[in-house]
Amino acid sequence: ESFRNLTKLNNRNGKNLTGVFNNIDGNAANFDTFATEILQYGHQFSFIGLAETNIDADLKNLYSIPGFVSEYTSKMHDKSKGSGVGIYIRETLTYTRIEKLCVCTPNFESVFVSITNMEKPQIVGVLYRPPGGSERDALDEFENLLNQLPDKDVTLLGDFNFNLFNKGSANFENVLFGNNFIPLISLATHHKPGCEPSLIDNILTNSTDNVVSTGVLDSRVSHHCPIFCILECNIPPRTLR
């Protein structure tokens with residue numbers, strides 16, 4: 001209820017983009033429950049990001065959300081789980097897939113789109129770092145992606161598997177700050193029995209002036225809590241429904 005009130009309060013002019021991200025731990029097991037949980041918030045998100053989908057892109061139509069179109073990057077071919085990312089974009093938004101930024105390696109996975117029917121195009125990326133890959137190579141690959149992005153109007157949502165509660169995340173944070181990206185989530189996002197809560201999922205931006213609100217949602221279908229952002233953007237009236 002508090003999230004519903006927040007989105008209503010901060011979208012009275014109808015010009016905000018709202019996004020949510022979740023490491024779903026497998027579409028086959030959890031997608032239907034996730035889609036149902038998202039509906040309970042009574043809000044039509046602008047985009048929805050998923051990690052660990054565990055599917056190839058040609059199976060994306062098996063996992064549809066009414067009112068959205070989707071883009072997927074296939075999972076690693078030799079992995080049955082712990083791989084694959086996807087993004088759902090509200091069908092009233094015009095977007096293009098940025099193919100050169102959509103990657104899948106043992107160290108890093110991503111899918112990127114540019115939402116174009118607004119005053120300033122907004123680039124949105126969904127990212128996942130498999131914990132079994134090389135940490136050093138992952139940071140190099142991540143920085144290579146960041147170097148190809150504009151210096152404003154970029155939002156990245158993902159499970160980076162760097163716990164910002166620990167000093168061991170310093171190299172990751174150095175890459176972020178060195179490329180003018182700021183993490184927006186400061187609460188625990190991962191709760192696994194027998195383990196300390198950790199902050200490994202986050203939303204990153206290089207345009208903090210666009211950020212209205214961010215946070216962590218209560219409902220979850222895996223050990224990861226969904227995280228959300230509200231961004232102030234000038235969306236033409238014809239795209240608002």
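Phe31 and Tyr63 are both buried, where buried means under 20% relative accessible area, exposed over 50% and partly exposed in between (1.4 Å probe, protein chains only). The model is predicted: local features need pLDDT of at least 70, side-chain atom pairs count only at pLDDT 80 or more, and totals for chains, interfaces and linings use all residues. Residues are numbered from 1 along each chain as its sequence is written, and side-chain values use heavy atoms, with hydrogens and water left out.

The structure holds eight aromatic pairs. Rings of Phe, Tyr and Trp (its six-membered ring) pair if their centres lie within 6.5 Å; planes under 30 degrees apart count as stacked, over 60 as edge-to-face and the rest as tilted. Two of the pairs are listed here.

| Pair | Type | Centre to centre | Between the planes |
|---|---|---|---|
| Phe31 and Tyr63 | edge-to-face | 5.3 Å | 70° |
| Phe142 and Phe172 | stacked | 5.8 Å | 25° |

Phe31 lies in helix α2 (residues 27-39) and Tyr63 in the loop between β2 (47-51) and β3 (68-73), so this pair ties together parts that are 32 residues apart in sequence. Helices (H or I, at least four residues) and strands (E, at least two) are DSSP runs, numbered from the N terminus.

The pair of Phe142, in helix α3, and Phe172, in helix α4, links parts of the chain 30 residues apart. Phe142 is buried at a relative accessible area of 1%, and Phe172 is buried at 2%.

In helix α4 (residues 170-178), the buried residues are Phe172, Val175 and Leu176. Seen down the helix axis, they fall within an arc of 100°, so they line one face of α4; the arc is that of the directions from the axis to the C-beta atoms. Asn174 and Gly178 are exposed on the other side of α4. The cover over the buried residues includes α3 (135-147), β9 (182-183) and β10 (201-205), with contact meaning heavy atoms within 4.5 Å.

Just after α4, Asn180 takes a positive phi of about 65°. Asn180 is in the loop between α4 and β9 and is exposed, with a relative accessible area of 59%. Not counting residues up to four places away in sequence, Asn180 touches Thr205 and Asn206. Asn180 and Leu146 are 34 residues apart in sequence and 9.5 Å apart in space, C-alpha to C-alpha.
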